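Visitor: Could you walk me through this one, and tell me what the labels rest on?

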Amino acid sequence: MRPGVYIHIPFCVQRCYYCAFAVTLDPEPAWNPYMERVSREIAISGEPESPETIYFGGGTPSLVSPDAIESLMTRFPGRPSEVTIEANPATLGREKLERYRAIGVTRISLGVQSLEDEDLAKAGRLHTAREALADFESLRVAGFDNINLDLIAGLPEQRLETWIRNVDRALDLGPDHISIYMLDAEERSQWGRKGLTGVADEDFARFYLEAVDRLASAGYVHYEISNWARPGRECRHNLQYWTGVPYRGFGLGAHSYTPYRRYWNASSMTDYARRIDAGELPVVAEEQLTREMRLEEAFMLGLRRMAGFNPGRAAEELGVVLKPEWYARVGELQDAGWIEYDGSTLRLKPAGWLAATSVIAELLWPTPQSTFEATP
C-alpha cells in the first residue's frame, strides 16, 4: 500500500490547558514563511511517491490559507484517496470551505472537544458551543460528507450528566465519524504542570462506557479504542498507522516511520528553520526498530483495533516462536475477561479497552523474549 503523509501545521491562537503538542503562538506574518519551509522540506526529502492519504494536523491547520494548503498538496503526484484537515470552530468560513472542496480536501476533523460552554471555558478553548454547531452546519452546506467530531471526556469537574449531554448533542448532529479521547493531562501541558487531573479512574470508565453504548445504539462502528464511524467512514489515514503502513511526516516535530526505522523532526521552530534554510532535512533523532520493538508495536497497534490481530502471523513475520508460557498467560487473561483469543485472532474485550496498556504489558511481560523465542 502507498504510504501516508502527515503535515504538521503548529499555529494556534491560544494553547489549550490540556495541550502538550508541538504548537506555537507565532503571529500570522510567520505562517507563510513556515509553510514555504515545509514545501522546501518536501522537496529536499525527494519524496516522489504518490501518497495514499494526506493529513494536515496541528496546531490549527484551518488558520492558514487554503492556497498555502494547496501549495503543499501539489508537491505530491497523484490523487490521495483521503485528504484530512483538522479545524477548530470559529476558524472556518464559506469561502474557505469552498476552496477546501476545490483543492481536493475530502475530510474535516472538527475539534469541538465539548458542546458545553462551561467545559470549553475551563479547557481554555476560544470557541463557543454555538459556533461549533454553526460550523458543522456550514460544513454540510458546503458539501462535506466526511466529518469527524473530536470530543474529550473527563475534563476536570465534568459531571457524568454533562458528558452524556455532550455525546447526545454530537449524535444529534449526525457526524460521519466521532473520536473520543479520555483526558490525559501530560506533564508538559498547563494542567499537567499544575498537577490537575480529570475525573477519578472509576468515573473514566463510566464516561467511556456511556459513550460506547450510545454510539452503538446510533449505528456507529467502534473500530478502534477511541474511534467510531458510520460504515465505510473509518479514517483511512489513521488505519494506516494502526496497521503498520509506512508514513512520512513533514513540519515541526513530525515523525516518520518505516518497518525498520523511526525518525523525527526538530520541535523547535528556530532549529527547524535553520536546518531547512541550510538545505538539509530537519531530522534530529532516529531509532532503528529491533525485532523486540517491532513485536511490541504489533501488539500495541493490533490490540487498539476492535478487529484485533493475528499474533501468530506477526510472530512468524518477525522470526519468533510463541512459547507455551505465552499461551498460558493468554489463557489467564482470557479467563479474567480482559481478552479473547480463538487461536488466530487476539482482541481486547470491553473490560480491556480502558486497560489496554496494562493488558499489553502483561502479554509481553517482563520482555518479549520471556514468552517468545527467536528462530535461528
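Guide: Let's begin with the labels: helices are DSSP runs of H or I with at least four residues, strands are runs of E with at least two, and both are numbered from the N terminus. This is a predicted model, where local features need pLDDT of at least 70 and side-chain atom pairs count only at pLDDT 80 or more, while totals for chains, interfaces and linings use all residues. Residues are numbered from 1 along each chain as its sequence is written, and side-chain values use heavy atoms, with hydrogens and water left out.

Visitor: Where does Gly 59 lie?

Guide: Gly 59 is in the loop between β2 (53–58) and α2. A cis peptide bond links it to Gly 58, with omega at about 10°.

Visitor: What makes Ala 90 stand out?

Guide: Ala 90 is not a glycine, yet its phi is positive, about 75°. You'll find Ala 90 in the loop between β3 (82–87) and α3.

Visitor: Which residues in α2 and α3 meet?

Guide: Pro 66, Asp 67, Ile 69, Glu 70 and Met 73 in α2 meet Lys 96, Arg 99, Tyr 100 and Ile 103 in α3, where contact means heavy atoms within 4.5 Å. By class, that contact has five nonpolar, no polar and four charged residues. Ala, Val, Leu, Ile, Met, Phe, Trp, Tyr, Cys and Pro count as nonpolar, Asp, Glu, Lys and Arg as charged, and the others, Gly among them, as polar.

Visitor: What makes α1 and α10 oblique?

Guide: Their angle. Helix α1 (residues 31–45) and helix α10 (residues 269–277) pack at about 50°, with axes 10 Å apart, and α1 and α10 are therefore oblique to each other.

Visitor: Is the crossing of α1 and α10 left-handed or right-handed?

Guide: α1 passes α10 in a left-handed crossing, that is, the near helix is turned anticlockwise from the far one by less than a right angle, whereas clockwise would be right-handed. On the α1 side, Tyr 34, Arg 37, Val 38, Arg 40, Glu 41 and Ile 44 make the contact, and on the α10 side Met 269, Tyr 272, Ala 273, Ile 276 and Asp 277. Seven of these residues are nonpolar, none polar and four charged.

Visitor: How do α11 and α15 cross?

Guide: That crossing is right-handed. The axes of α11 and helix α15 (residues 356–364) come within 10 Å, at roughly 145°. Glu 296, Phe 299 and Met 300 of α11 touch Ile 360, Leu 363 and Leu 364 of α15.

Visitor: How many cavities of 30 Å³ or more does the structure hold?

Guide: One. On a 1 Å grid over the protein atoms alone, a cavity is a set of points where a 1.4 Å probe fits but cannot get out, and a pocket is an open set with protein on both sides within 12 Å along at least five of seven lines; lining residues have an atom within 4 Å of a point. Points are joined across faces, edges and corners, and a volume is the space filled by probe spheres set on them. The largest cavity has about 40 Å³ of space. Its lining is Glu 118, Asp 119, Lys 122, Pro 156, Glu 157, Gln 158, Arg 159 and Thr 162, with five charged, two polar and one nonpolar by class.

Visitor: And which helix gives the most to the lining of the second largest pocket?

Guide: α11, with five residues. That pocket has about 470 Å³ of space, and among its 18 lining residues Thr 243, Gly 244, Ala 298, Ala 314 and Glu 317 are the closest to its centre.

Note on methods:
Axes are lines fitted to C-alpha atoms, for helices over the stretch in contact, and angles run from 0 to 180 degrees between N-to-C directions. Angles under 35 degrees count as roughly parallel, over 145 as roughly antiparallel, 65 to 115 as roughly perpendicular and the rest as oblique.
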